Amino acid sequence: MAGEITETGELYSPYVGLVYMFNLIVGTGALTMPKAFASAGWLVSLVLLVFLGFMSFVTTTFVMEAMAAANAQLRWKRMETHKEEEDEDSSTASDSDILTQDNYERAEKRPILSVQRRSSANLFEITDRVEMGQMASMFFNKVGVNLFYFCIIVYLYGDLAIYAAAVPFSLMQVTCRMYGLCTPPHRCFHPQAVFTLLLGPFTFFDVQKTKYLQILTSLMRWIAFAIMIVLALVRIGSRQGEGHPPLANLLGVRNLFGVCVYSFMCQHSLPSLLTPVSSKRHITRLVFLDYALILAFYGLLSFTAIFCFRSDSLMDMYTLNFARCDVVGLAAVRFFLGLFPVFTISTNFPIIAVTLRNNWKTLFHREGGTYPWVVDRVVFPTITLVPPILVAFCTHDLESLVGITGAYAGTGIQYVIPAFLVYLCRKDTQLTFGCGTVNKHRSPFRHTFWVAFVLLWAFSCFFFVTANIVLSETQL
């Protein structure tokens, strides 16, 4: 995310790419969704979930179109640079080279537009992995680029705070129940310091997620989700379900909105996910299929949860509801589900921290300048690590952390940035290649109305969430 063109990596099939996309989207937000569903009511939650899933799909197609436009711009610049080099070579040509001048003159008589039309389809192929920061620098002005990095940094801080709170909280709950013989914990050790000491130092170094680690965490994720859904269905089928969720409760919409936005977040990682896909001919349809499957999964997970457990007994981290003796008799399953966030989220914390650190460096980077060793190795990692750790020390309210992160920074990344990216890249494409040029990966929502609608929705949500928070605090 540090604003530069990175290596595309090894190619994979479209279906493998969509599996990666599914795994990226279905993460921590899914574990906080059941409580948000129960708070807002099942009908309101279902309607909002479907609508926000649709809006996320719209902006995903916006980012894909911007990726294709950025590739076309880079490819065109390389062609122009190559042409200039050829012109320089021809200016110093020998007498024997001049004999072939007639051939070049005949080639130059061909209409330029016909050449562009034949090559425009290839111009918009997504082959270079152009990250969001690079696209922002290509299509935004300086103020827009700084606002982009500010939004990314706030979102990553929220991510780290969620991770830093979720892991110690889950560890504390499971450990205290283990030694308290499944009684609710009263005074237990605080593992926040242990978490900071173990994972914090990775912020000062460069870490990289390996293929095998990704496979392992994905496998654990799907085993955990499958166990929770099956156990909830078994309890409901055996008439042990205790949940009676309301139809609608507008007071819970604020957190539900943030959780849903956070749970559909993938726009910032689309260049890394979709660029290595070998065939992008039907990529839009496959992405739509992916969103439909994610919607079905979120609905199944949340509905089984809210009808299985009472609303007041649902935990912020849904896995902890299965760490009780009266719910799951097998100790190994209880500990696996209870410690599931500890293993999977812990692997993401160093990666997000390094990404945030690199974004700070990019934001303050000056052309041709370098940072002193102390600033590079101490200051930037420290300002990356300290704020989320302090937040995690102060609160373990994961639903609110996810809700606020999704409602503010998530709205910017998922709605505002893609809308401005696609609008400006369309103007830039018309200016560079002419009005008749067609982007082969253009969004199905190509009318300007959709850009305006997304921006209007984003700003409406921003003011609604802010007003809701102010009114809630005033009532308290």
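Helix α1 (residues 14-25) buries P14, G17, L18, M21, F22, N23 and I25; buried means under 20% relative accessible area, exposed over 50%, and partly exposed in between, with a 1.4 Å probe and protein chains only. Helices are DSSP runs of H or I, at least four residues, numbered from the N terminus. The 12 residues of α1 should span 16 Å at 1.5 Å a residue, and the end C-alpha atoms are 16 Å apart, which agrees. The expected span is 1.5 Å times one less than the number of residues.

This is a predicted model: local features need pLDDT of at least 70, side-chain atom pairs count only at pLDDT 80 or more, and totals for chains, interfaces and linings use all residues. Residues are numbered from 1 along each chain as its sequence is written, and side-chain values use heavy atoms, with hydrogens and water left out.

Beyond four places in sequence, Y318 touches L31, P34, M228, A232, L301, A305 and F309; contact means heavy atoms within 4.5 Å.

Now take L363, in helix α14 (residues 331-363). L363 is partly exposed, at 25% relative accessible area. Leaving aside neighbours within four places in sequence, L363 contacts N146, Y149 and I153. L363 and N146 are 217 residues apart in sequence, yet 7.0 Å apart in space, C-alpha to C-alpha.

Terms used: Helices (H or I, at least four residues) and strands (E, at least two) are DSSP runs, numbered from the N terminus.
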